[in-house]
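Here are my notebook entries from an afternoon of looking things up in one protein. Open the picture and follow along with me.

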Amino acid sequence: MTDSNTLVDLRHARKSFGDTEVLKDISLTVEKGEVLAIIGPSGGGKSTLLRCCTLLETLDGGSLSFGDSVVCSDNAGRAVYGDKASLARARTHFGLVFQNFNLFPHYTVMKNLIDAPVTVQKMPKEEAEAKARVLLGKMGLEGKEGMVPCELSGGQQQRVAIARALMLDPDVLFFDEPTSALDPELTKGVLRVIRDLAEENMTMVIVTHEMKFARDVADHVIFMDGGVIVEQGLARDVIDNPQHERTRAFLYNEE
């Protein structure tokens, strides 16, 4: 059993695609209310790590749990996953915001938000709509309920995607480079929403290339390269004063 404040517990995670080992013995924990930023070069394993944490990919080895919900356990170096019921229970603990929004293009904003709560959680439709309106207000999207995604800017679509993830009251939100598909002006609005969530003590794991944002908003930063955690620590320490040569090279090249 994990500590009661530990919402994500990943240990000795390994993942390969064919002969390419993408994750090599990755361990991390995320505490309640913590914001963890994962940085590093493309191809370093960041998105694969997130996909394994959110059950879009399966680990080859290691263990993963969300609080007391065990996703997989390590058995002689192999990851052994739980049954359908335990995986379904684990999925209730997290939400995921994708790089490219992944909204249903033919659904209105409102239907995108209420579809899962109504069909999966059996939430009454009126209750779901009321909750959706509150969240859309928080996202600065009042009056957009009847629009479809193609009528919105990329930044607005990403804020709808964040609201959709929050509809299910997840313990932890995962973001996979939430601003990489946006121009700088639209990026600001999305980062402002994530910053507001951090101030409300929302637990988040964010894969990002926005270094200033990571330094200012995250509690901890993990720098990944080549499928391993090269350096980790307090966000300002890692970004302002990196100890490892590979981290320094990455950050200086970013600037």
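**Entry 1: terms and ground rules**

I started by writing down that a contact means heavy atoms within 4.5 Å. I also noted that helices (H or I, at least four residues) and strands (E, at least two) are DSSP runs, numbered from the N terminus. The model is predicted, so I keep in mind that local features need pLDDT of at least 70, that side-chain atom pairs count only at pLDDT 80 or more, and that totals for chains, interfaces and linings use all residues. Residues are numbered from 1 along each chain as its sequence is written, and side-chain values use heavy atoms, with hydrogens and water left out.

**Entry 2: the whole chain**

How many helices and strands does the protein chain have? I found 9 helices and 11 strands. The radius of gyration, taken over C-alpha atoms, is compared with a globule rule of 2.2 Å times the number of residues to the power 0.38. For the protein chain it is 18 Å, close to the 18 Å that the rule gives for 255 residues, so the chain is as compact as a globular protein of that length. Along its principal axes, the C-alpha trace spans about 50 × 45 × 35 Å.

Next I looked at burial, where buried means under 20% relative accessible area, exposed over 50%, and partly exposed in between (1.4 Å probe, protein chains only). Of the 255 residues, 51% count as buried. I also looked up contacts between residues at least 6 apart in sequence, and 62% of them join residues at least 24 apart.

**Entry 3: strands side by side**

Two strands pair if DSSP finds at least two bridges between them. I began with β9 (residues 203-207), where 5 of its 5 residues are buried. On one side I see Thr 203, Val 205 and Val 207, and on the other Met 204 and Ile 206.

Which strands pair with β9? One is β3 (residues 35-39), which runs parallel to β9 and is joined to it by 4 bridges. Val 35 stands opposite Met 204 there. Strand β8 is also parallel to β9, with 5 bridges between them, and Phe 175 has Ile 206 as its bridge partner in β9.

From β8 (residues 172-176) I moved on to β7, which is parallel to β8 and joined to it by 4 bridges. Gly 95 stands opposite Leu 173 in β8. In β7 (residues 94-97), Phe 94 and Leu 96 point one way, Gly 95 and Val 97 point the other way, and all are buried.

**Entry 4: a hairpin**

Do β1 and β2 run parallel or antiparallel? Strand β1 (residues 6-17) and strand β2 (residues 20-31) run antiparallel, joined by 9 bridges. Lys 15 has Leu 23 as its bridge partner in β2. The hairpin has 2 residues between the strands, and Gly 18 takes a positive phi near 65° in it.

In α3 (residues 109-119), I listed the buried residues as Val 109, Met 110, Asn 112, Leu 113, Ile 114, Asp 115 and Pro 117. What do these buried residues pack against? They pack against α4 (125-138) and α5 (154-166).

Helix α1 is mostly covered, with 6 of its 8 residues buried. Those residues are Lys 46, Thr 48, Leu 49, Leu 50, Cys 52 and Cys 53.

**Entry 5: loops**

Leu 55 lies in the loop between α1 (46-53) and β4 (61-66). Its phi is positive, about 65°, although Leu 55 is not a glycine. Is Leu 55 buried or exposed? At 13% relative accessibility, Leu 55 counts as buried.

Asn 102, in the loop between β7 and α3, has a positive phi near 55° and is not a glycine either. At 42% relative accessibility, Asn 102 counts as partly exposed.

My last stop was Gly 143, in the loop between α4 and α5. At 58% relative accessibility, Gly 143 counts as exposed. Gly 143 and Arg 133 are 10 residues apart in sequence and 9.0 Å apart in space, C-alpha to C-alpha.
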